[in-house]
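Please examine the sequence and the three-dimensional structure shown below. A report on the fold, arranged by topic, follows them.

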Amino acid sequence: MVVREQDTGGWPAATDGGRVLLSPPDIGPLEESYLLNALRSGWVAPVGPDVDAFEQEVAARVGREHAVALASGTAGLHLALVALGTLPGDVVVVPTLTFVATANAAVYAGAEPVFVDCTPETGNLDPDLLDRTLDELRRAGRRVAAVLPVDMFGSCADYARILPLCAAAGVPVVEDAAEALGAVRNGRPAGSFGRAAVLSFNGNKIITTSGGGMLVSDDADLVARCRYLATQARQPVIHYEHTDTGYNYRLSNLLAALGRAQLRRLDGMLARRRAHRERYAKLFAATPGVRLLADHDAGANCWLTSIVVDPEHAGWRADDLARHLAVRKVETRPVWKPMHLQPVFSGAHAVLSGAAERLFADGLTLPSGSGMTEHQADRVAGAIADFLDRR
Ligand SMILES: Cc1ncc(COP(=O)(O)O)c(C=O)c1O
């Protein structure tokens with residue numbers, strides 16, 4: 001099958017019994033052609049020319065020298081911490097408002113996650129609280145192995161403040177850019193901040209390999225170490241010699257091929273997600289007490305658009321809209337439940353302002369997928385307009 005350069009549209013978005021989903025995969029003939037070519041090449045293994053090319057293409061896109069393609073973003077975060085020399089008893093600073101993978105990576109590495117609250121405008125790590133936390137940890141004599149800022153829903157964290165704070169404390173930064181491919185902050189792409197950054201290509205992400213991730217960095221030794229650890233820590237001899245405990249974390253060549261096709265379509269997909277956000281912004285513009293999360297951030301990749309509802313001013317709660325849309329087969333979700341509220345992290349140290357808890361209570365994430373058809377977008381907008389009219 002031959003697919004022309006300009007033939008980059010996806011097939012209709014996956015639906016679940018007619019439901020409009022938050023962010024389903026956006027896959028089409030270009031992906032089919034790349035995948036089939038990889039299959040027919042015989043490189044059906046976690047190594048091959050598509051893996052190499054995908055690494056180079058993603059590294060170039062995010063302005064990094066080196067990359068290693070991995071089975072997941074979670075694997076990338078784990079490897080980054082191991083390669084940075086995280087030891088049992090160390091602390092890893094994690095935003096409390098994130099997906100659990102960020103915090104789990106710290107636990108896998110034997111470290112203690114310490115959670116820090118976010119700024120209410122963006123949901124990203126609060127630099128003032130980070131400063132306070134690093135100071136407290138230093139006074140308590142704790143070694144901080146890394147800080148893992150998250151680019152929440154594709155809006156980059158405030159690296160202009162975070163990086164100097166961490167540099168002054170002598171703590172490496174690993175950017176959790178799992179949600180942020182294509183975002184920009186101060187003229188720099190997501191993935192370019194910190195000692196290393198990690199991207200995710202899970203099924204719901206801006207581009208997908210069905211499951212996959214990548215660690216990117218300008219530090220050749222760090223990336224070589226991660227590559228080695230991701231490949232069962234095999235010494236370069238024929239008889240399988242191991243001096244370290246490694247992991248089986250590499251990305252399949254077939255999935256790398258899928259990722260290469262998706263990367264070719266990235267700009268078009270970003271534009272569609274941005275168009276959804278702009279439509280939501282217009283829909284809620286005249287509604288008191290409602291704002292978009294990170295609405296000031298023109299460089300966000302618009303991976304997911306969330307509204308934040310102030311019930312006092314709006315006269316209704318985010319939950320009310322969620323229930324209204326669920327009946328009309330429109331998927332929504334709260335923003336992440338903060339890590340310090342998760343039973344698995346009960347008792348963990350957390351430095352809090354209350355911002356993450358408020359976003360969890362008042363935030364609602366709306367369908368944002370690049371494959372959402374005009375018809376589906378109209379359905380969602382109509383259902384929201386109907387809800388607002390009845391208030
Ligand atoms: C903020 C964040 N970090 C890490 C991950 C983990 O990525 P993966 O699912 O590829 O392991 C995700 C998404 O799944 C995420 O949203």
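The report begins with the basis of the model and the chain as a whole, and then turns to sheets, helices and individual loop residues.

## Basis of the model

This is a predicted model, in which local features need pLDDT of at least 70 and side-chain atom pairs count only at pLDDT 80 or more, whereas totals for chains, interfaces and linings use all residues. Residues are numbered from 1 along each chain as its sequence is written, and side-chain values use heavy atoms, with hydrogens and water left out.

## The chain as a whole

The chain contains 13 helices and 13 strands. Helices (H or I, at least four residues) and strands (E, at least two) are DSSP runs numbered from the N terminus. The radius of gyration is 21 Å, close to the 21 Å that the globule rule gives for 391 residues, so the chain is as compact as a globular protein of that length. This radius is taken over C-alpha atoms, and the globule rule is 2.2 Å times the number of residues to the power 0.38. The C-alpha trace spans about 70 × 65 × 35 Å along its principal axes.

Of the 391 residues, 54% are buried. Buried means under 20% relative accessible area, exposed means over 50%, and partly exposed lies in between (1.4 Å probe, protein chains only). The chain exposes about 16200 Å², of which carbon and sulfur atoms supply 53%; accessible areas come from the Shrake-Rupley method with a 1.4 Å probe, and for residues only the protein chains shown count as cover. Among contacts between residues at least 6 apart in sequence, 72% join residues at least 24 apart, a contact being heavy atoms within 4.5 Å.

## The parallel sheet

Strands of a sheet pair through backbone hydrogen bonds, either parallel or antiparallel. An open sheet of 4 strands has the order β4-β2-β3-β12, with parallel pairing. Two strands are taken to pair if DSSP finds at least two bridges between them. The edge strands, β4 (144-147) and β12 (350-351), each pair on one side only.

Strand β2 (residues 91-95) runs parallel to β4 and is joined to it by 3 bridges; V91 stands opposite V144 in β4. Helix α4 (residues 100-108) packs on this sheet and touches β2 and β3 (112-116), its direction making about 150° with that of β3. Axes are lines fitted to C-alpha atoms, for helices over the stretch in contact, and angles run from 0 to 180 degrees between N-to-C directions.

## The antiparallel sheet

A further open sheet has 3 strands in the order β10-β11-β13, and its pairing is antiparallel. β10 (290-292) and β13 (363-366) are at the edges with a single partner strand each, so one side of each is left without a neighbour in the sheet. Neighbouring strands are turned by 30° against each other on average, direction ignored.

Strand β11 (residues 305-309) is joined to β10 by 3 bridges and to β13 by 4 bridges. L292 has I307 of β11 as its bridge partner, while T305 is partnered by L366 in β13. All 5 of the 5 residues of β11 are buried: T305, I307 and V309 lie on one side, and S306 and V308 on the other. Helix α11 (residues 318-327) lies across β11 and β13 and runs at about 30° to β13.

## Helices α8 and α2

In helix α8 (residues 253-264), 10 of the 12 residues are buried; among them are L254, L258 and R260. The buried residues of α8 pack against α1 (29-41), α2 (49-62) and α9 (266-284). The end C-alpha atoms of α8 are 17 Å apart, which agrees with the 16 Å that its 12 residues should span at 1.5 Å a residue. The expected span is 1.5 Å times one less than the number of residues.

Helix α2 has 14 residues and reaches 20 Å from its first C-alpha to its last, close to the expected 20 Å. Its buried residues include V51, F54, E55 and V58. Just after α2, G63 takes a positive phi of about 70°.

## Positive phi in two loops

Most residues other than glycine have a negative phi. Q232, in the loop between α7 (220-230) and α8, has a positive phi of about 65° although it is not a glycine. Q232 is partly exposed, with a relative accessible area of 37%.

A294, in the loop between β10 and β11, is a residue other than glycine with a positive phi near 55°. A294 is buried, with a relative accessible area of 4%.
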